[in-house]
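Please look over the structure below with its sequence to hand. The briefing that follows takes up selected residues and then the packing of helices.

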Amino acid sequence: MALFVVLSVFSGLVDFSLSFSNSIDPDLKISTTVGKSFTYSEAQQQRVRKIEGIANSSQIIEERVLFVFDGKEQVTYLKGVDSLFDKVSTIKKSLFNGQWLKPNTRQVVVGYGISEKLSLGLYDFNNPLEVYVPKPGNGTIESADDAFNKSILTPVGIFAISEELDSKYVFSDIGLAQDLLGYQPNQISGIEIKLKPKADEAKVVKALQTIFKNNCVIKNRMQLNDGLYKMLNTENIAVYLIFTLVIIIALFNLIGALIMMILDKKGNLKTLYNLGVEVKDLRKIFLFQGTLLSVIGGLIGLFLGAIIVLIQQHFQLIMITPTLSYPVIFSLQNVIIVLVTIVSLGFIASLIASSRVSKGLLE
């Protein structure tokens, strides 16, 4: 019961942690293997749209730039997005103030962390938000105008996802980002893709690799956040091993109980042995009994654990904050893991105990 409840709680925490990045990360992201940008031709766009399994695709440009507001400076990422970005991402749901930007404008949506650091509000026409992007090229820099492309922006929305993401991104129209970076109209830094619910990811990736001739890197959501996934998986394995160790210690009670039963039934075992029952068959009696005890105990524990998890999942009795309940997820995967663990360890414990039945004991 304890193992199942803890695994269900951790599954809930994992899902809760990933919900922050999932609101901004696409199902698939294409980026170049050389440099920061690549050319996305009209022919390639048409071929991408025809791939079965792709619901929508959005062109983006990402670059670290300098933002200045009312004497305060912040270096962070400008992310230029097209009109289809809100169909690939659920970023609009994370807006807590203002609205999403309109295409072909100088409007921007900033993260809550950036707005705090810059003391930035919305529609502040007295103190404009300025962006500076270094100009590419060689030669001597004689003035700031020679070194930077500059633009005045209008903040129209503030999003809040997580502390890291809120301090990382400022969203703008992709045309504005292309002008600031000196890109061509079909020059971008990435493509974000949303898959259909039952799409075959492997087939979609293979089709995309054919279109871009393996000159681009295609990553899914897990690969985009490989550090986070590795950390969560490591923690999950650590929690599982700790509680498995507790179960192993508890199974010493089962071994002791079976050994005491063997000693208590020694006379009956001797009688059966004299009647011609082999030692290996006598061992099977206690092996079966120990395994049966483990299975029945595991099923009872799973039943009680499932009740606890389902009650918390539906009625949210235990709260982290007044508005946020402790996340739990009832998962068949956790049920299988617990059952396999209990049955396997119970079988091994019963095998160890039943091995005490020997000719020496009976004779």
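In which helix is Q45 found? In this predicted model, Q45 is found in helix α2, which covers residues 42-49.

- When residues up to four places away in sequence are not counted, Q45 touches Y40 and Q59.

**E192 in strand β11**
- E192 has its place in strand β11, which is made up of residues 190-195, and it is buried, with a relative accessible area of 1%.
- The side chain of E192 makes a polar contact, at 2.8 Å, with the side chain of K79.
- With neighbours within four places in sequence left aside, the residues in contact with E192 include K79 itself, I24, P26, L28 and K29, and also among them are N56, S57, S58, I60, F85 and V88.
- E192 and F20 are 172 residues apart along the chain, and their C-alpha atoms are separated by 17 Å.

**N126 in a loop**
- N126 lies in the loop that runs between α4 (112-118) and β7 (129-134).
- With a relative accessible area of 71%, N126 is exposed, because exposed means over 50%.
- The C-alpha atom of N126 is separated by 68 Å from that of I248, and these two residues are 122 residues apart along the chain.

**T341 in helix α13**
- T341 lies in helix α13, which covers residues 332-354, and T341 counts as buried at 6% relative accessibility.
- A polar atom of the T341 side chain lies 2.7 Å from the backbone oxygen of I337.
- Leaving aside neighbours within four places in sequence, T341 is in contact with L3, Y240 and T244.

**Helix α1 against α10**
- The axes of α1 and helix α10 (residues 226-264) come within 10 Å of each other and cross at roughly 170°, so that the two helices are roughly antiparallel.
- On the α1 side, the residues that meet α10 are A2, L3, V6, L7, F10, V14, L18 and S21, while on the α10 side they are L228, Y229, L232, E235, N236, V239, Y240, F243 and I247.
- By class, the residues of this contact between α1 and α10 divide into 14 nonpolar, two polar and one charged.

**Helix α1 against α12**
- Helix α1 (residues 2-22) and helix α12 (residues 279-315) pack at an angle of about 35°, with their axes 8 Å apart, and their crossing is right-handed.
- The contact is made by F4, V5 and S8 of α1 together with L302, G305, A306, I308 and V309 of α12.
- Six nonpolar and two polar residues take part in the contact of α1 with α12, and no charged residues do.

**Helix α12 against α13**
- The axes of α12 and α13 are 8 Å apart, and the helices pack at an angle of about 155°, which makes α12 roughly antiparallel to α13 because angles over 145 degrees count as such.
- The crossing in which α12 passes α13 is right-handed.
- From α12 the contact includes R283, F286, L287, G290 and T291, and from α13 it includes V335, V338, L339, I342 and V343.
- Sorted by class, the contact of α12 with α13 has 12 nonpolar, seven polar and one charged residues.

Terms used:
Residues numbered from 1 in each chain as written. Predicted model: local features only at pLDDT ≥ 70, side-chain atom pairs only at ≥ 80, totals over all residues. Heavy atoms only, no water. Helix = DSSP H or I, 4+ residues; strand = E, 2+ residues; numbered from the N terminus. Buried < 20%, exposed > 50% of the residue type's maximum accessible area, 1.4 Å probe, protein only. Contact = heavy atoms within 4.5 Å. Polar contact = N/O pair within 3.5 Å; in protein donor to acceptor, adjacent residues only side chain to side chain. Axes fitted to C-alpha atoms, helices over the stretch in contact; angles between N-to-C directions. Left-handed = near helix turned anticlockwise from the far one by under 90°. Nonpolar A, V, L, I, M, F, W, Y, C, P; charged D, E, K, R; others polar. Parallel < 35°, antiparallel > 145°, perpendicular 65-115°, else oblique.
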